[in-house]
Amino acid sequence: MVRLFLVGILFLFSFLILFRAPTNLLWYVSILVTEFCWIFLVLACILLFWKFGDVRYHLTATLLAVITLVMYLLPLIQAFRTGKAVRKEFEMAFGGNQIVNGEQPFTPLKILSGIGAKKVSYQSYIYSPVQELSLHFYPSVVGGKRPCIVVIHGGSWAAGDNLQLPELNSELAKSGYHVASINYRLAPKHHYPAPLEDVRTALDFLCAQADNLKIDTTAFTLLGRSAGGQIALSTAYTVKDARVKAVISFYGPTDMVWGYENPTSPLVLDSRKVMEDYLGGTLQQVPDQYKHSSATETVTSYTPPTLLIYGENDPLVSPRHGNRLTKKLDEKGVKYFTLYLPWATHGFDYTLNGPGGQLSTWTVKQFLAAVYKKM
């Protein structure tokens with residue numbers, strides 16, 4: 001009976017691989033289930049071969065353990081298939097000669113071998129003394145003037161900081177890019193477009209320090225996650241700063257009007273309240289704020305190359321935001337690339353070693369190489 005109970009719990013958790021988490025707590029569990037699936041695979045194997053408990057339930061527990069084992073293999077199988085597809089799609093989008101280095105998009109062994117990867121140390125700077133805003137600067141391990149990636153954290157525009165998910169910062173620094181992970185003014189005290197102004201201030205600071213920091217001031221990329229993805233896209237699309245050569249959004253909302261009209265389940269997030277705090281009112285009260293902060297409404301033919309990454313099981317930001325933006329990018333003839341991960345949820349890049357972390361990191365590196373190779 002004990003064995004059947006434990007297998008049953010693992011089996012129920014495995015449904016988070018197939019379906020969006022129905023509550024906020026289960027969303028956190030879904031990150032573990034999908035990106036650390038190898039741990040659950042090991043547990044399922046142990047329960048498959050460990051014969052203990054009431055023998056009356058032995059066959060049932062064994063059959064359920066086999067099904068559970070297959071379920072936890074799905075992210076790995078899907079990642080392998082997605083890796084093969086994304087390589088071909090990227091070659092078609094940017095040309096076969098744009099693929100750099102010999103890394104594969106997804107390598108199962110890296111799930112374990114990547115643990116404990118060396119981190120790049122950062123330096124802290126106050127980039128906006130008036131607003132008391134800071135950034136962490138991860139210097140490129142490659143010498144000379146280098147492009148700089150400005151990273152904008154998530155947190156529903158009201159929380160989070162520049163310590164969020166730092167592993168990618170180190171990985172990009174080891175790939176030859178400077179990385180500046182910034183803080184920005186938060187809601188509800190500050191409304192849109194305050195964070196966009198902060199990004200511009202950060203760019204001005206980095207340019208002023210370019211000689212000391214060895215930054216190529218003509219080669220910035222904005223990279224944001226979730227709320228930070230919206231800020232990155234909105235900044236790149238509306239500010240029209242020639243220094244910004246590309247923008248990358250991890251599971252960021254792109255259509256704030258549509259997002260307000262199609263809210264997230266309140267059991268996961270009160271998305272309307274979050275948007276109201278950020279934009280200063282409801283859609284009916286401040287419609288221009290919602291429209292102007294939507295990347296879908298601010299795309300032009302001069303919009304910089306864009307990379308969009310979404311998990312199809314995301315319960316917080318629907319991957320349909322990506323579909324809505326790519327339609328507009330196509331209309332304007334803007335260069336872009338999209339990566340959709342069938343099993344992944346919001347925050348799938350919590351670990352770079354998991355299936356989603358590996359595929360997104362590979363795609364980001366290839367995208368940056370293609371953008372800067374054309375300069």
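Tyr260 and Tyr290 are both buried (buried means under 20% relative accessible area, exposed over 50%, partly exposed in between, with a 1.4 Å probe and protein chains only). This is a predicted model: local features need pLDDT of at least 70, side-chain atom pairs count only at pLDDT 80 or more, and totals for chains, interfaces and linings use all residues. Residues are numbered from 1 along each chain as its sequence is written, and side-chain values use heavy atoms, with hydrogens and water left out.

Start with the sheet. Strands of a sheet pair through backbone hydrogen bonds, either parallel or antiparallel. Here eight strands form an open sheet with mixed pairing, in the order S1-S2-S4-S3-S5-S6-S7-S8. Strands (E, at least two residues) and helices (H or I, at least four) are DSSP runs, numbered from the N terminus. Two strands pair if DSSP finds at least two bridges between them. Strand S1 (123-128) and strand S8 (336-341) are the edge strands, and each pairs on one side only. From one strand to the next, the twist averages 20 degrees. Axes are lines fitted to C-alpha atoms, for helices over the stretch in contact, and angles run from 0 to 180 degrees between N-to-C directions.

Look next inside the sheet. Strand S3 (residues 146-152) and strand S5 (residues 215-225) run parallel and are joined by six bridges. Val151 has Leu223 in S5 as its bridge partner. Helix H15 (residues 355-373) packs on the sheet. H15 touches S3, S5, strand S6 (244-250), strand S7 (306-311) and S8, where contact means heavy atoms within 4.5 Å. The direction of H15 makes about 165 degrees with that of S6.

Now take helix H9 (residues 227-238). Twelve of its twelve residues are buried, so H9 is largely enclosed by the rest of the structure. Among them are Gln230, Ser234, Tyr237 and Thr238. At 1.5 Å a residue, H9 should span 16 Å, and its end C-alpha atoms are 16 Å apart, which agrees. The expected span is 1.5 Å times one less than the number of residues. Lys240 follows H9 and lies in the loop between H9 and S6. Its phi is near 55 degrees, a positive value in a residue other than glycine. Lys240 counts as exposed, at 53% relative accessibility.

Glu132 also has a positive phi, of about 55 degrees, although it is not a glycine. Glu132 sits in the loop between S1 and strand S2 (133-138). At 68% relative accessibility, Glu132 counts as exposed.

The loop between strand S4 (178-182) and helix H7 (194-208) holds Pro188. A cis peptide bond joins Ala187 to Pro188, with omega about 0 degrees. Pro193 lies in the loop between S4 and H7 too. A cis peptide bond joins Tyr192 and Pro193, with omega about 10 degrees. H7 itself has 15 residues and reaches 21 Å from first C-alpha to last, close to the 21 Å expected. Its buried residues include Ala194, Leu196, Val199 and Phe205.

Turn to the cysteines. The structure holds zero disulfides (a disulfide is a pair of cysteine sulfur atoms within 2.5 Å). Cys37 is buried, with a relative accessible area of 0%. Its sulfur is 12 Å from the closest cysteine sulfur, in Cys45, too far for a bond. Cys207 counts as partly exposed, at 21% relative accessibility. The Cys207 sulfur is 8.9 Å from the closest cysteine sulfur, in Cys148, and this is too far for a bond.

Finally, the rings. Rings of Phe, Tyr and Trp (its six-membered ring) pair if their centres lie within 6.5 Å; planes under 30 degrees apart count as stacked, over 60 as edge-to-face and the rest as tilted. By this rule the count comes to 19 aromatic pairs. Tyr122 and Tyr138 form a tilted pair, 5.3 Å centre to centre with 50 degrees between the planes. Tyr122 lies in the loop between helix H5 (110-113) and S1 and Tyr138 in strand S2, so the pair ties together parts that are 16 residues apart in sequence. Tyr122 counts as partly exposed at 37% relative accessibility, while Tyr138 counts as buried at 2%. Tyr260 and Tyr290 form an edge-to-face pair, 5.2 Å centre to centre with 70 degrees between the planes. Tyr260 lies in helix H10 (residues 256-261) and Tyr290 in helix H12 (residues 287-292), so this pair ties together parts that are 30 residues apart in sequence. Ring pairs also link Phe90, Phe94, Phe337, Trp362 and Phe367 into a cluster.
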